[in-house]
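Please look over the structure shown here, with its strands, helices and aromatic side chains in mind. The report that follows takes these topics in turn.

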Amino acid sequence: MSENEVKDPRIDGIKTKIRVVPDFPKKGIMFQDITTLLLDPKAFKDTIDLFVERYRHMNISVVAGIEARGFIFGTPIALAIGAKFVPLRKPKKLPGEIIFEEYELEYGSDRLEMHVEAVDSGDRALVVDDLIATGGTLCAAMNLLRRVGADVVECACVIELPELNGRERLEGKPLYVLVEYR
């Protein structure tokens with residue numbers, strides 16, 4: 001049990017709305033499906049509210065959401081805290097000049113892209129995704145932001161799979177999660 005579960009009763013409500021789908025997208029993976037969370041307006045609002053409460057006074061100037069589920073959570077957080085939202089996309093989805101970072105997943109490899117002009121040197125960035133497993137995606141996102149001079153303040157995820165040790169790959173960068181699945 002994380003410290004958040006002890007302190008805030010909303011966490012249990014959020015956790016009960018996340019469906020676990022065995023053997024998806026391939027055998028042996030226990031997929032954490034947040035689409036069922038999104039079907040419950042109260043649980044979805046509680047999720048956003050918990051993040052907003054944490055980040056409202058941290059002077060975050062940019063929220064970088066990782067495609068695609070990071071968009072779902074990152075956009076309302078950015079609006080609520082008065083920050084710009086920057087989508088970190090999969091290959092060939094952004095027009096114009098981009099930079100990219102390749103990374104390994106627990107079941108393959110991928111690449112994140114970002115518009116060059118989207119983030120300014122000195123921006124204080126929050127990286128948002130739905131889940132941290134091995135940490136590869138969050139590390140790629142942090143690398144992209146650092147390359148343009150942003151200060152990554154923290155990473156935020158709804159779900160953490162701690163047995164995959166993703167937190168250890170974040171080079172000491174703080175990670176805030178609402179729900180842990182062991």
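Predicted model: local features only at pLDDT ≥ 70, side-chain atom pairs only at ≥ 80, totals over all residues.

## The sheet

In strand S8, Ala-156 is the bridge partner of Val-128. Strands of a sheet pair through backbone hydrogen bonds, in either a parallel or an antiparallel manner.

The two strands are part of an open sheet of five strands, whose order is S4-S3-S7-S8-S9 and whose pairing is parallel. Its edges are formed by strand S4 (84-88) and strand S9 (175-180), each of which pairs on one side only. On average, and with direction ignored, neighbouring strands of this sheet are turned by 20 degrees against each other.

## Helices across the sheet

Helix H4 (residues 41-55) lies across S7, S8 and S9, and its direction makes an angle of about 155 degrees with S8. Helix H5 (residues 69-81) lies across strand S3 (62-66), S4, S7 and S8, running at about 145 degrees to S7.

## Surroundings of Ala-64

Ala-64, which is found in strand S3, has a relative accessible area of 0% and is therefore buried. When its neighbours within four places in sequence are left aside, Ala-64 is in contact with Val-86, Leu-88, Leu-126, Val-127, Val-128 and Leu-145. Between the C-alpha atoms of Ala-64 and Val-152, which are 88 residues apart along the chain, the separation is 9.8 Å.

## Aromatic pairs

A search of the whole structure finds five aromatic pairs. One of them is formed by Phe-24 and Phe-31, whose ring centres are 5.1 Å apart; because their planes stand at 85 degrees, and an angle over 60 counts as edge-to-face, the pair is given that description. Phe-24 is partly exposed, with a relative accessible area of 44%, whereas Phe-31 is buried, with a value of 16%.

Phe-51 and Tyr-176 also form an edge-to-face pair, with 5.9 Å from centre to centre and 80 degrees between the planes. Because Phe-51 lies in helix H4 and Tyr-176 in strand S9, the pair ties together parts that are 125 residues apart in sequence. Phe-51 is buried, with a relative accessible area of 0%, and Tyr-176, at 10% relative accessibility, also counts as buried. Ring pairs link Phe-51, Tyr-55 and Tyr-176 into a cluster.

## Charged ends over rings

Two placements of a charged end over an aromatic ring can be described here. The charged end of Arg-111 sits over the ring of Phe-100, at 3.5 Å from its centre, and that of Lys-15 sits over the ring of Tyr-181, at 5.2 Å from its centre.

## Confidence in the model

The pLDDT averages 93 over the chain, and 96% of the residues score at least 70. Over residues 1-5, however, pLDDT stays under 50, and for this stretch the model has eleven contacts beyond four places in sequence.

Note on methods: Residues numbered from 1 in each chain as written. Heavy atoms only, no water. Pairing = 2+ DSSP bridges. Helix = DSSP H or I, 4+ residues; strand = E, 2+ residues; numbered from the N terminus. Axes fitted to C-alpha atoms, helices over the stretch in contact; angles between N-to-C directions. Contact = heavy atoms within 4.5 Å. pLDDT = per-residue confidence, 0-100. Phe/Tyr/Trp six-rings, centres within 6.5 Å; stacked < 30°, edge-to-face > 60°. Buried < 20%, exposed > 50% of the residue type's maximum accessible area, 1.4 Å probe, protein only. Lys NZ or Arg CZ within 6 Å of the ring centre and 35° of its normal.
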